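Welcome! Take a look at it first, then read on.

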Protein chains: 2
Amino acid sequence: MSDLKPQEASPADFEEELWDLLRAKEYAVAAELLRNTRTAVVERVLDRTPPSLMPLAFRLLDKDVAVEVFSNMEPMLQSDLIDGLADEHTQDLFSQLESSTQARLLDEVPAEVAQRLLASLGEHERNVAARILGYPDDSVGRRMTVVAQELTRDMTAATALNIIRDVAVADYEVNNLTVLPVGSTTHKVLGLVHLPRLVRAEPDDLVADIMEPTQTVSIHDDAEDAARTVVYDRIEALPVVDEAERLIGMLTVAGAQQILEEAESESSLRSGGAEPLGQPYLSTSVLHLVKSRITWLLVLAVGATLTVQVLDYFEDTLAAMVVLTLFVPLLTGTGGNTGNQAATTVTRAIALSQVTTRDYIRVIRREALVGVTLGLLLGTLGLVGATLFFEFHIGLVIGTTLLVICTLAATVGSIMPLIASKIGVDPAVFSNPFISTVVDALGLVVYFLIAKTILGI
Amino acid sequence: MSDLKPQEASPADFEEELWDLLRAKEYAVAAELLRNTRTAVVERVLDRTPPSLMPLAFRLLDKDVAVEVFSNMEPMLQSDLIDGLADEHTQDLFSQLESSTQARLLDEVPAEVAQRLLASLGEHERNVAARILGYPDDSVGRRMTVVAQELTRDMTAATALNIIRDVAVADYEVNNLTVLPVGSTTHKVLGLVHLPRLVRAEPDDLVADIMEPTQTVSIHDDAEDAARTVVYDRIEALPVVDEAERLIGMLTVAGAQQILEEAESESSLRSGGAEPLGQPYLSTSVLHLVKSRITWLLVLAVGATLTVQVLDYFEDTLAAMVVLTLFVPLLTGTGGNTGNQAATTVTRAIALSQVTTRDYIRVIRREALVGVTLGLLLGTLGLVGATLFFEFHIGLVIGTTLLVICTLAATVGSIMPLIASKIGVDPAVFSNPFISTVVDALGLVVYFLIAKTILGI
């Protein structure tokens with residue numbers, strides 16, 4: 001069904017219509033239009049709505065829709081929106097957010113705004129939000145859902161069901177009540193109960209007999225690692241405990257997905273040499289886009305000056321045989337590509353935990369072997385091609401160089417991600433620049449040394 | 001907690017111990033070891049177990065664990081494993097798989113094996129599997145879970161709960177019973193009921209009042225699009241219908257995640273210029289790795305010969321001023337990087353549906369502007385740098401070239417992903433090679449034209 005493609009899930013006409021209505025101040029009609037649209041679609045459209053119209057559109061949303069939409073916005077956008085809303089509206093909205101969402105927002109907005117927002121909370125909520133803010137950035141503590149209710153081992157299934165029946169949660173969170181933690185009298189985590197098993201149990205079965213063992217994470221653990229575990233291990237929810245092993249909250253599948261999506265954006269952008277924007281593309285200023293790229297571009301450019309030095313060093317060789325110049329981009333390019341292939345494959349294998357840093361010998365040996373094979377294939381082609389269009393000795397130089405460069409590149413390409421994950425940085429980010437720099441420079445050195453030997457310059 | 005990092009989730013010692021036990025034929029001890037390990041960890045360790053030991057290890061798993069582990073393996077690995085298992089063991093295992101898993105496996109194994117496996121199924125199961133195999137590859141039909149039970153509008157919550165209590169499902173699938181479809185007498189999809197709402201409803205409330213509206217997908221729709229909807233729209237399960245709008249199955253969150261994980265592997269590998277392996281890295285042969293990369297490498301190499309021709313065309317200019325050669329890798333490199341930054345940012349924005357092909361004018365204008373700005377910054381540095389180390393006219397050439405190349409690259413880089421998603425190919429895959437080829441060649445032409453003009457060669 002075509003409306004499934006994200007591109008088409010926010011139909012142009014709907015979007016344009018909404019914006020025109022807002023510009024024409026037809027708020028009642030616009031509100032009606034929004035009311036008849038799925039929340040997920042509203043979210044996507046708001047992401048694309050010009051900053052000038054965004055607050056207007058948002059204010060027209062029904063209250064609980066507004067809370068849900070706001071909860072799923074990127075913090076930077078939330079903060080911009082807060083600026084655009086009247087104070088009482090803001091505080092009303094803020095007070096209804098999930099504690100971890102409150103904390104993330106407080107972290108984003110200017111101090112005095114944060115003060116006003118905190119002031120709008122009841123004492124308990126204020127304390128919870130403050131505590132969450134106390135946890136380190138990127139820690140699970142920052143992203144967990146505070147537990148609404150915990151069960152005990154000696155409860156019957158019937159009692160447990162009654163608790164789930166009566167627990168007070170925001171309407172848009174009811175559907176998340178599918179896994180509940182079982183706690184001891186000292187609130188240590190004993191296990192998890194899945195609602196379907198509870199429903200299928202006999203009324204007088206004990207929770208102890210239905211619950212499943214579970215691992216836990218500490219509030220201080222890295223949020224991304226925890227999220228990965230939730231998704232890879234297909235866990236419905238991961239209990240989060242404090243230093244005293246007491247249950248504090250849960251990392252839900254939804255929460256984990258949000259964390260991983262952000263992480264994925266981050267690493268895919270960084271691997272492409274750009275910083276994450278922290279806000280939707282179209283509402284990002286050109287200057288912000290430039291800032292997000294210039295550093296990396298400079299690093300790579302400085303790295304590339306290495307090639308200038310190498311070429312400078314071999315200037316006489318170049319002067320003697322200008323024809324050698326013609327192959328420089330081809331050779332460095334092929335080296336870079338071979339290196340990237342190896343790096344991408346190994347990086348992915350690490351991400352899927354099919355490979356660990358302990359396997360470095362196996363991995364490097366494999367990639368070196370792959371490199372040699374690729375080098376032999378490309379080298380032969382290079383030999384033939386260059387011989388046909390130029391002459392045999394040139395062909396020999398190009399062929400040999402390709403063989404060496406491919407081997408070199410594949411090996412370097414396989415080592416980089418291993419080092420990255422050993423020192424705990426994102427392989428996808430770390431590998432790219434090093435490979436291009438190292439392989440380009442080394443490749444050229446190899447090229448000219450081979451050329452000097454074979455052509456006897 | 002350290003055991004959260006995927007790398008460490010399959011501890012070296014456990015793995016080594018298991019392998020040693022298997023080599024020593026200490027099967028009882030090995031079985032015990034496996035019995036005390038979380039299924040998810042077992043899966044990861046098997047992914048890394050040498051092909052020679054894998055079937056041995058697998059045969060030691062408890063029956064229902066074996067079914068779950070097998071269900072989550074990559075089809076190619078499943079097929080290898082089937083070869084390594086005794087026939088009756090295979091058929092017994094196969095008959096317990098979820099129909100869509102059976103279909104995927106039948107697709108992978110050799111025809112005669114498929115025959116034997118199908119023969120091992122009861123008539124009904126055989127028909128279901130056969131029907132699923134009838135759906136196009138990559139269609140939702142191939143990946144859906146066949147619906148165990150559907151509810152009707154006029155049921156009471158109590159009746160619905162009883163149905164969920166009594167429905168027969170494999171033990172490892174019970175936890176998925178959190179969303180149930182509501183069907184009409186003609187099995188048209190009327191909505192979804194979430195178990196928590198059912199539990200919280202009054203016993204005599206009608207399903208009609210608890211159910212939530214839902215969109216549906218056709219069995220023929222693209223599985224990845226459907227999976228994306230499930231994740232982005234935070235839908236617990238998406239009903240799958242046939243041509244007559246009749247409910248056939250559901251795409252679950254777990255199913256959607258598996259689909260997206262495969263898609264992500266595919267596109268991250270392809271964007272790095274390698275084909276997906278379809279099996280864990282360490283159990284992939286070097287030859288298979290070479291096959292997965294050579295085509296792309298050739299395409300890019302052939303593309304790169306364009307640069308040879310460009311340089312060849314300007315050979316006299318190069319001969320006249322060898323110094324120009326020194327900057328070739330720096331310039332092409334910077335162009336490539338700028339192009340990739342633009343492409344990655346736009347690709348990600350498209351993936352998050354913050355940008356659609358309809359926005360092409362806005363996007364291209366933005367990126368061109370970003371390109372100019374980056375070009376001005378780098379160009380100035382290039383001008384100063386090259387003037388200091390060489391002389392002013394060289395500096396002028398480099399500076400101007402960087403300005404033009406950055407603008408060009410950012411623009412090209414932003415157009416590629418838009419074209420890709422317009423013609424429905426993966427932007428992450430499509431952009432990479434074209435950018436490097438186009439930008440390298442064009443960049444060099446620009447470089448020499450500018451050089452000829454400024455240096456008057």
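**How the two chains meet**

The contact draws on 126 residues of chain A and 125 residues of chain B. Please keep in mind that this is a predicted model. Together, chain A and chain B bury about 11600 Å² between them, and 59% of that area lies on carbon and sulfur atoms.

**Links across the interface**

- Between chain A and chain B, the rule finds six salt bridges.
- In one salt bridge, B:Glu367 pairs with A:Arg293, and their closest N and O atoms are 2.8 Å apart.
- The rule also finds 31 residue pairs in polar contact across the interface of chain A and chain B, with both residues at pLDDT 80 or more.

**What chain A brings to the contact**

- Helix 18 of chain A (residues 286-313) supplies the largest share of the side that touches chain B, namely 16 residues.
- By residue type, the side of chain A that touches chain B is made up of 62 nonpolar, 31 polar and 33 charged residues.

**How the copies are arranged**

Terms used
Residues are numbered from 1 along each chain as its sequence is written. Chains are lettered from A and ligands numbered from 1 in the order in which they are written. This is a predicted model: local features need pLDDT of at least 70, side-chain atom pairs count only at pLDDT 80 or more; totals for chains, interfaces and linings use all residues. Side-chain values use heavy atoms; hydrogens and water are left out. Contact means heavy atoms within 4.5 Å. Buried area is the accessible area (1.4 Å probe) that two parts lose on being put together, summed over both. A salt bridge is a side-chain nitrogen of Lys or Arg within 4 Å of a carboxyl oxygen of Asp or Glu. A polar contact is a pair of N or O atoms within 3.5 Å; within protein, one must be able to donate a hydrogen and the other to accept it, and residues adjacent in sequence count only if both atoms are side-chain atoms. Helices (H or I, at least four residues) and strands (E, at least two) are DSSP runs, numbered from the N terminus. Ala, Val, Leu, Ile, Met, Phe, Trp, Tyr, Cys and Pro count as nonpolar, Asp, Glu, Lys and Arg as charged, and the others, Gly among them, as polar.
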